[in-house]
Amino acid sequence: MGLALKEAGLAFSEGEVPVGVVLVIDDRVLKSAHNLREKLNDPSAHAEVVAMREASKVIGSWRLNNATLYVTKEPCIMCAGTMVNARLGRLVYGCGDPKAGAVASLYQILADRRLNHKVEVVSGILDDECAELLKMFFRDRR
């Protein structure tokens, strides 16, 4: 999660919402990323989606069932849906997102029994540090 926080710091310095991720397979960092929506003018360029796209290219498969994705903030609906479609093995995230979280806060997409894949979830890792970076970012914007 420390590496994901560094990625979030990069996003902050680039004027992006400070969310960072690290995707790991077999204790090897395959891809780290941060939000790139502003830079790419791409509404789908959330850190999680960017990392999963790039990691899939590295391993030559869209299936990420042996991967763990560390992310600083609870994923949104789009990112959670992408995790299900990528067959992600495990998600570890920092702080919750009461306004848009789709893992525990507003929706529970990764645990929905109607879907064809379940993702193991661990939450609250470095919660305070992850939340503080987001608070600083939005405080500066207001």
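**Questions on the model**

Me: In which loop is the place of D26?

Reply: Residues are numbered from 1 along each chain as its sequence is written, and side-chain values use heavy atoms, with hydrogens and water left out. The model is predicted, and local features need pLDDT of at least 70, side-chain atom pairs count only at pLDDT 80 or more, while totals for chains, interfaces and linings use all residues. Helices (H or I, at least four residues) and strands (E, at least two) are DSSP runs, numbered from the N terminus. On that numbering, the place of D26 is in the loop between β1 and β2.

Me: Is D26 buried or exposed?

Reply: Buried means under 20% relative accessible area, exposed means over 50%, and partly exposed is in between, with a 1.4 Å probe and protein chains only. D26 is not a glycine, yet its phi is positive, about 50°. Because its relative accessibility is 67%, D26 counts as exposed.

Me: What is the relative accessible area of N41?

Reply: N41 lies in the loop between α2 (37-40) and α3. Its phi is also positive, near 50°, and N41 is a residue other than glycine. N41 is exposed, with a relative accessible area of 70%.

Me: How far apart are the C-alpha atoms of N41 and N65?

Reply: Along the chain, N41 and N65 are 24 residues apart.

Me: Is E16 buried or exposed?

Reply: E16 lies in the loop between α1 and β1. Contact means heavy atoms within 4.5 Å, and, not counting residues up to four places away in sequence, E16 touches A11, N35, L36, R37, E38, K39 and F137. Its relative accessible area is 2%, so E16 is buried.

Me: What is the relative accessible area of A47?

Reply: A47 lies in helix α3. Leaving aside neighbours within four places in sequence, A47 is in contact with V19, G20, V21, A33, H34 and N35. A47 is buried, with a relative accessible area of 0%.

Me: Is E129 buried, partly exposed or exposed?

Reply: E129 is found in helix α5. Because its relative accessible area is 42%, E129 is partly exposed.

Me: How many residues has the largest nonpolar core?

Reply: In soluble globular proteins, nonpolar side chains tend to be buried together. A nonpolar core is a set of buried Ala, Val, Leu, Ile, Met, Phe, Trp, Tyr and Cys residues joined through side-chain atoms within 4.5 Å. Those with the most contacts inside the largest core include L23, L64 and L110. The number of residues in this core is 44.

Me: Which element gives the most to this core?

Reply: Elements that each supply at least two residues of the core include α1 (2-13), β1 (20-25), α3 (47-59) and α5 (127-141). With 6 residues, the element that gives the most is α3.

Me: Which residue touches A80, M83, V84 and L91?

Reply: The residue asked for is among those with the most contacts inside the core. Its other contacts include A102, V103, H117 and K118, not counting residues up to four places away in sequence. The residue is L110.

Me: How many helices and strands has the protein?

Reply: From the N terminus on, the elements run α-β-β-α-α-β-α-β-β-α. The secondary structure comes to 5 helices and 5 strands.

Me: What is the radius of gyration of the protein?

Reply: The radius of gyration is taken over C-alpha atoms, and the globule rule is 2.2 Å times the number of residues to the power 0.38. With 142 residues, a compact globule would have a value near 14 Å. The protein agrees with this, because its radius of gyration is 14 Å.

Me: What percentage of the residues is buried?

Reply: The C-alpha atoms fill a box of roughly 40 × 30 × 30 Å, taken along the principal axes. Of the 142 residues in the protein, buried residues make up 46%.
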